[in-house]
Amino acid sequence: MFKKILIANRGEIALRIIRTCKEMGIKTVAVYSTADKDSLHVKFADEAVCIGKPQSSESYLNIPHLMAAAEITNADAIHPGYGFLAENARFAEICGEHGIKFIGPTPEMIRKMGDKMTAKETMIAAGVPVIPGSGGLLQSLEEAKKLAKEMGLPIILKATAGGGGKGMRVVWKDEELENAYNMAKNEARAAFNNDGIYMEKFVEEPRHIEIQVAGDQYGKVCHLSERDCSIQRRHQKLVEESPSPFMTPELREKMGEAAIKAASAINYESVGTIEFLVDKHRNFYFMEMNTRIQVEHGVTEEVINFDLIKEQIKIAAGIPISGKNYTPEMHVIECRINAEDPYNDFRPSPGKITTLHIPGGHGVRVDSHIYAGYVIPPYYDSMVAKLITIAQTREEAINTMERALSEFVIEGVKTTIPFHQQLMRDENFRKGNFTTKFTETFKLV
């Protein structure tokens, strides 16, 4: 087992990893930018190293600085968390070149799933359902027009190196295609330095349901049930839950088998997520694979009582997985609490937290790195907490969430708590009647 792990991340996920490492008897190294010097992950780690200025490019994305921190502290492994360098194949390679274990899949696996067109071709070969599409990168606007006519509208244009909704455009009418094509390419180039885009049939009234998987170094793969991530805004998830209110036992079995096929196709090792779109007829299609721990991993941990971070570390250390497939034992809902103003188009609201009260009680988990007096910096993602509730039924989980949200006090900045409070009271949400388009018509009052 590893003696010391450097966490190449910040905030709540860094703190989450530190906690499991402590329970496993593993020493930890926190890294931080000058903007994060007072963050809890810095205070709770065994050692801490400043790696640069507030801008991510000069700190959390600066590979030489991270490797120097690992070497001076004699860390024998690096955990990337999520975001930043978590799915950077070159970073994983450099770790290996320096004799430091990257806690995640191999660089080859990251590359295969990181490029969406390559991933789609791999899934087709493995027999995993995929959304009908261009079959390769679009070479010209003329080709896009021809394919759109053959497939029929609506279609969606996607960046091959995409993520977070960038480089994506839905086309409903013929006259919209040219502008959407140019905008998708320009946005992809600006965000990823890669303007490659492809086309897919746009799935109407879709659900976004993902399957958690784990694979070890010996070819064994299992699934750990699903998460429904359909409540999102501009392709950014806001609420996640398990089991999905749309799921049936038959669909869960089929999607679980498909997820195992997908991970097995690249001999996947580590924990990861296979993301699917599911239409109103319960047909499902592969979207992408995330070769890292997910923000919403706590939902799966609570619904099956399983520490995914511990499993990830054990796999990296060469310990075999059990191979058991899991189904939900409870009902779990997670609300992402962001420092954003939901009454002002979700504008980021960095600043000093003057008052904080964290909810508690039976069936409540809060993953957060904030405290009273903490200053939320403007340089990073606006998520400040994940509020998770656990109960025997979905109705009980929603009721517990309502109660926990009413106790959650964050003053000094605006947060998305009011949005979640109204959502929990919404009749359609409570009935499970929603798709990925739900928030487009949801009006905050």
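The lining of the largest cavity comprises six nonpolar, one polar and two charged residues, where Ala, Val, Leu, Ile, Met, Phe, Trp, Tyr, Cys and Pro count as nonpolar, Asp, Glu, Lys and Arg as charged, and the others, Gly among them, as polar. The model is predicted, so local features need pLDDT of at least 70 and side-chain atom pairs pLDDT 80 or more, whereas totals for chains, interfaces and linings use all residues. Residues are numbered from 1 along each chain as its sequence is written, and side-chain values use heavy atoms, with hydrogens and water left out.

**Largest cavity**

Select Arg10, His369, Tyr374, Ile376, Pro377, Tyr380, Asp381, Met383 and Val384, which line this cavity. The space inside amounts to about 50 Å³. On a 1 Å grid over the protein atoms alone, a cavity is a set of points where a 1.4 Å probe fits but cannot get out, a pocket is an open set with protein on both sides within 12 Å along at least five of seven lines, and lining residues have an atom within 4 Å of a point. Points are joined across faces, edges and corners, and a volume is the space filled by probe spheres set on them. The whole structure holds four cavities of 30 Å³ or more.

**Second largest pocket**

Next, select Arg233, Pro342, Phe346, Phe419, Thr439, Glu440, Phe442, Lys443 and Leu444, the lining of the second largest pocket. About 150 Å³ of space lies there. Its lining divides into five nonpolar, one polar and three charged residues.

**Helices H12 and H13**

Now display helix H12 (residues 394-407) with helix H13 (residues 417-425): their axes come within 10 Å and cross at roughly 150°. That angle makes H12 roughly antiparallel to H13, the label for angles over 145 degrees. Axes are lines fitted to C-alpha atoms, for helices over the stretch in contact, and angles run from 0 to 180 degrees between N-to-C directions. Helices (H or I, at least four residues) and strands (E, at least two) are DSSP runs, numbered from the N terminus. To see the contact (heavy atoms within 4.5 Å), select Ile398, Met401, Glu402, Leu405 and Ser406 of H12 together with Ile417, His420, Gln421, Met424 and Arg425 of H13. By class, this contact has five nonpolar, three polar and two charged residues.

**Helices H4 and H5**

Move to helix H4 (residues 89-97) and helix H5 (residues 107-114), whose axes lie 8 Å apart at an angle of about 180°. H4 and H5 are therefore roughly antiparallel to each other. Ala89, Arg90, Ala92 and Glu93 in H4 meet Pro107, Ile110 and Arg111 in H5. The contact of H4 with H5 has four nonpolar, no polar and three charged residues.

**Backbone stops**

Most residues other than glycine have a negative phi, and most peptide bonds are trans. Select Leu153 and Pro154, joined by a cis peptide bond with omega about 5°; Pro154 lies in the loop between helix H7 (141-151) and strand E6 (155-159). The bond from Ser242 to Pro243 is also cis, with omega near -5°, and Pro243 sits in the loop between strand E11 (236-242) and helix H9 (249-264). Finally, select Arg234, not a glycine, yet with a positive phi of about 50°. Arg234 belongs to the loop between strand E10 (221-233) and E11.

Terms used:
Parallel < 35°, antiparallel > 145°, perpendicular 65-115°, else oblique.
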